[in-house]
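Morning, everyone. One structure today, and I'll keep it brief. Please have a look at it first.

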Amino acid sequence: MPTFLSTGSAFPRSTWGHSSAPDVLDILPSVRARGVLVPLLVRPNIEPDSFEIVAGRRRYLAAKSLADERGEGDALPCAVMEDGDDADALEAW
């Protein structure tokens, strides 16, 4: 399974693409203790070796918060969608 942490961006057609960061305080203890167990759903982005998050933004932000706190981060598990149209990504979301 591919891994991912620092080369992500929000899926631009999602309802949260332009809002402020969501609250992740409720999942931080679990991510701190066990890491991210459920893979993020990502798809290739325009830039090489870059992905956009289709599902799992809160998990990503919680892991990023912990990585910033510790000064290092673990790679996150990801399932990579085939590059397709936005309708496929919205349906998966």
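Let me start with a term. By a nonpolar core I mean a set of buried Ala, Val, Leu, Ile, Met, Phe, Trp, Tyr and Cys residues joined through side-chain atoms within 4.5 Å. Bear in mind that this is a predicted model.

So, which residues touch the most other members of the largest nonpolar core? They are V31, L40, A62 and L76, out of 14 residues in that core. At least two core residues come from each of α1 (28-34), β3 (40-44), α2 (57-70) and β5 (76-80). Helix α2 gives the largest share, 4 residues. Take A62. Setting aside neighbours within four places in sequence, A62 contacts V24, I27, L28 and V31.

Now the overall layout. The chain has 3 helices and 5 strands. Their order along the sequence is β-β-α-β-β-α-β-α. Of the 93 residues, 32% are buried.

On to charges. The count of salt bridges is 4. One of them pairs R32 with E69, at 3.2 Å from N to O. R32 sits in helix α1 and E69 in helix α2, so this pair ties together parts 37 residues apart in sequence. R32 is partly exposed at 39% relative accessibility, and E69 is exposed at 54%.

Next, R43 and E52. Buried or exposed? R43 is buried, at 7% relative accessibility. E52 is buried too, at 6%. Their closest N and O atoms are 2.4 Å apart.

Last pair: D68 and K64 form a salt bridge at 3.7 Å, N to O. They are 4 residues apart in helix α2, about one helical turn. D68 is exposed at 56%, while K64 is partly exposed at 34%.

Notes. Residues are numbered from 1 along each chain as its sequence is written. This is a predicted model: local features need pLDDT of at least 70, side-chain atom pairs count only at pLDDT 80 or more; totals for chains, interfaces and linings use all residues. Side-chain values use heavy atoms; hydrogens and water are left out. Buried means under 20% relative accessible area, exposed over 50%, partly exposed in between (1.4 Å probe, protein chains only). Contact means heavy atoms within 4.5 Å. A salt bridge is a side-chain nitrogen of Lys or Arg within 4 Å of a carboxyl oxygen of Asp or Glu.
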